Each structure stands twice: as C-alpha cells, then as structure tokens.
Amino acid sequence: MNFNSKSVIEKHAYDLLKDGIKNRDSLFHTLVFSNFDGKNISNKVMVLRDFNAAKRTLRFHSDYRSDKAKLIQANNKASVIGYDPNKKIQLRLTGIAKINYKNKKTKEAWNDSQAISKKCYSVLDGSSHKISNPKKYDFHMKEISVEEGYENFCTIEFNFMTLEFLYLQRTGHRRCKFSWNAKGKKESFWLVP
Ligand SMILES: Cc1cc2nc3c(=O)[nH]c(=O)nc-3n(C[C@H](O)[C@H](O)[C@H](O)COP(=O)(O)O)c2cc1C
C-alpha cells in the first residue's frame, strides 16, 4: 500500500481501529494501554470495544475495583499503542482517559456484552489484590449471577489528542503525526521515521 498521503494514512489508521473492534484476529483488537501514577508507568493489554473517529474515542472495559481504574481517576493522562508485524504498521495515540461507572454509557456497554465477558466482573474482591489461593478466584458459572457483576463494571473512554502512524518498508519508512487542539483543530506533519 502507498502511504505517501497524510489523508490516506489517517483513513487507514481509522479503518484499522474500526476493524480491531470485532475482528479477533486483528492485532489492533488487543491494544496496550499505559498510564502513570506520578512515579511509575503502568502498561496493560486491553480489548478494544469501540472506536469513534468523529469523537476520537476508544472504549475499553474493566473492573472498577482495579488499579487502573483508580490510577485513571488520579491522573487522566494515558497512551495507547498497537503494532501489526504483518502489516508493518504501528499506531501510537496519546490523550486523556475517563472512567464511566454506573451511568448510561456503562449500561449500554454492559447490555451489549456477552455473558462470557460479564462473568469476569463477578470475581471476588476485584482485580489487582494480593491473594494466597488463586483457585478461590476461579469462575464458577453455576454459583454466580453474571448480572451482579455490573456492580464492578466500568468503561474506560480514551480520547486521543495525537495519533502517530509508522509504516515500515524497505525503501523508506513513513511516519506521520496528527494532533488536535482543545477545540478539535487538527494539524498533521511528517516525521523522520
Ligand atoms: C489478551 C488480553 C486481553 C486483556 N483484556 C483486558 C480488558 O479488556 N480489560 C482489562 O481490564 N484487562 C484486560 N486484560 C488484563 C490486563 O492486561 C491487566 O493485566 C489487568 O487488567 C490488571 O491491570 P491493573 O492491575 O493495571 O488494573 C487483558 C490481558 C490480556 C493478556
């Protein structure tokens, strides 16, 4: 593919993210989300649940009791990265993250989720706790009511302010960055790869 045009690149990046929502084989289906606690950077793989190009938002699902949910509420700066070695494309995004908990957005996301995903939120005590016996935290579908997991469910809404696209090719790489100001005005520029 020819990536000599910034508009082609922007559209292609959005197509990859859109495809990543439902396509489990896409390497953009599981992205690395990173945030910062003021001292350390914390990275985690998360499943991409939704992408809205017009709003520049990505949606992830998580446990409200998790470290990441607490971290985001303390410091909303975050970044997301994905790379597909077959396509030789890396996407890097930076922006701010917001937790949705027990509101209209979480209700919609919960209602769209399958039971297999919902069951994770019924796990005892919530994620990131120190435990002595991991077996105690196994899923026992017959013993839980998956709908009760909603109590622990949250969505992470990541609004990106920059998107950087890197394409590796033998004859010369292509690296292009898009950035949006607070009013949504976009700038784009090529970078030395
Ligand atoms: C393939 C894969 C997909 C994952 N998807 C999610 C996800 O969608 N949401 C989530 O909270 N954690 C997900 N995890 C687990 C996180 O990477 C992380 O280990 C966990 O959420 C605890 O992070 P924390 O202690 O920083 O909160 C996934 C892990 C893997 C390997």
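User: Is Lys-102 buried, exposed or partly exposed?
Analyst: This is a predicted model, in which local features need pLDDT of at least 70, side-chain atom pairs count only at pLDDT 80 or more, and totals for chains, interfaces and linings use all residues. Residues are numbered from 1 along each chain as its sequence is written. A residue is buried if 20 or more other C-beta atoms, placed from the backbone, lie within 10 Å of its own, exposed if 12 or fewer, and partly exposed in between. Because Lys-102 has 13 C-beta neighbours inside 10 Å, it counts as partly exposed.

User: Where is Lys-88 placed?
Analyst: Helices (H or I, at least four residues) and strands (E, at least two) are DSSP runs, numbered from the N terminus. Lys-88 has a positive phi of about 60 degrees although it is not a glycine. Its place is the loop between strand E5 (77-84) and strand E6 (89-101).

User: Which residues touch the most other members of the largest nonpolar core?
Analyst: A nonpolar core is a set of buried Ala, Val, Leu, Ile, Met, Phe, Trp, Tyr and Cys residues joined through C-beta atoms within 7 Å. The largest one has 29 residues, and those touching the most other members are Ala-13, Leu-91, Phe-158 and Leu-163.

User: Which element gives the most to this core?
Analyst: Elements that give two or more residues to the core include helix H1 (6-22), strand E1 (30-36) and strand E7 (153-167). The element that gives the most, with seven residues, is E7.
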